[in-house]
Amino acid sequence: MDITKRGLVLGSTAFAVAAMTVTGAGMHLSKGQAFFQESPKELVDEVWQLINRTYVDATFNQVDWQSVRQEYLGRNYTSREEAYTAIREMLELLGDPYTRFMNPAEFRDMQVDTSGELTGVGIQLSQDEETKELVVVAPIEDTPASQAGILARDVITKINDQTTEGMDVNQAVSLIRGPVGTEVTLTIRRGDQELEFKLQRARIELHPVRYSLQDSSLGKVGYIRLNQFSANASEEMKEAIQDLEQQQATGYVLDLRSNPGGLLYASIDIARMWLNEGVIVSTVDRQGIAEQERANGSALTDKPLVVLVDGGSASASEILSGALQDNGRAVLVGTQTFGKGLVQSVRGLGDGSGLAVTVAKYLTPSGRDINKQGIEPNVLVELTDEQRETLSQNRDQIGTLADPQYARALEALRQEIAAHRQRRAESLP
């Protein structure tokens, strides 16, 4: 792959909140922008070339990609907007909602997200590959969306009374975002229910890690909640583990529920904080070339670990939880994860627009391809609709005994601590 590790992106298709590193042309190409404004056909060809070189599927979804180039370069474009429309049409032929074009405004929004702050209501969106519906991957904690009770897997059917049928993620994000203090109304389908949420947009500051030391019958339990794999997630996770180790934590619960993913390198960095040895993840490009990332002996603790996952745990969350599960480092508690096993590279284009391209798939250490399937936890704990609603409306109960999945995680941790102590006793002379 002709991209750096730090340019690989995992997460929901929206890029509405996930921070990411951008490779390729940046936002300072004034001469290039002028050139592409004068020659929009060159922009179409630039996108075609990037897909031709890097797209994960060498058959291009059974499409004759060379003929596509001839067709789209045979057209006359009188404006950049016409070129943008053509590019989106061209990408639709791939049948991949994760490979998508962003106009300059959308690309700037995505770059703003990288700074760890955004304006909106606080949801991550994905587009269902089969139904094309807009699906909530997860709401961000303590944002208008989470406080109102929007949940993972909710389907957005309308935005301000405008139907989302045929709408892509870029369009939806543009409609949902807006000035701080203004309102947006989302119509949600949840099972057989249709719900309406009137949300006030806010400035959202993203801190990916929250942690605490909790006294329990097990001793001191380190609870760490990771909300997304943003650019600062690794550093905040390191600080959390080191602080909890200094406070003599006897074991850990790592909460990845409703974490939609983010940066590939962040998931690898964090896995190395828990794993001393073993494979973390393999990425496989269209030539079948597999690149393995491994632990490097830099684990910050060997204390027992339980990981909480659910249907909102996607992509980078699945890399981390899969690595910990396959290496026998952690017990997974909760429900089946989202099932996104693809890697995107995000690139800036010559006129200030951007392109996200699926460049590889990833496999867990045991070789599992979790795309569309997800990861099964070791201990299945389903929440009832009533329990989910209660936790959504009472966020301070998450990670307490009032949280049924967390309570079950403590039971699993008790067993892990006992086994850990037994192993240590057996190793003593």
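**Salt bridges in close-up**

**View 1. Salt bridge between Glu293 and Arg272.** In this predicted model, the closest N and O atoms of Glu293 and Arg272 are 3.1 Å apart. The pair joins distant parts of the chain, with Glu293 in strand β17 and Arg272 in helix α9 (residues 264-274), 21 residues apart. Glu293 and Arg272 are both buried.

**View 2. Salt bridge between Lys303 and Glu245.** The closest N and O atoms of the two side chains lie 3.3 Å from each other. Lys303 sits in the loop between β17 (290-294) and β18 (305-309), whereas Glu245 belongs to helix α8 (residues 233-246); this pair, too, links distant parts of the chain, 58 residues apart. Lys303 has a relative accessible area of 17% and is therefore buried, the cut-off being under 20%. Glu245, with a relative accessible area of 21%, is partly exposed.

**View 3. Salt bridge between Asp45 and Arg69.** The N to O distance is 2.8 Å. Asp45 lies in helix α2 (residues 40-54) and Arg69 in helix α3 (residues 65-73), so that distant parts of the chain, 24 residues apart, are linked by the pair. Asp45 counts as buried because its relative accessibility is 15%, while Arg69, at 29% relative accessibility, counts as partly exposed.

**View 4. Network of salt bridges.** Four residues are linked here: Arg225, Asp255, Arg257 and Asp403. Side chains of opposite charge can pair when their charged atoms come close. Across the model the count comes to 16 salt bridges.

Notes. Residues are numbered from 1 along each chain as its sequence is written. This is a predicted model: local features need pLDDT of at least 70, side-chain atom pairs count only at pLDDT 80 or more; totals for chains, interfaces and linings use all residues. Side-chain values use heavy atoms; hydrogens and water are left out. Helices (H or I, at least four residues) and strands (E, at least two) are DSSP runs, numbered from the N terminus. Buried means under 20% relative accessible area, exposed over 50%, partly exposed in between (1.4 Å probe, protein chains only).
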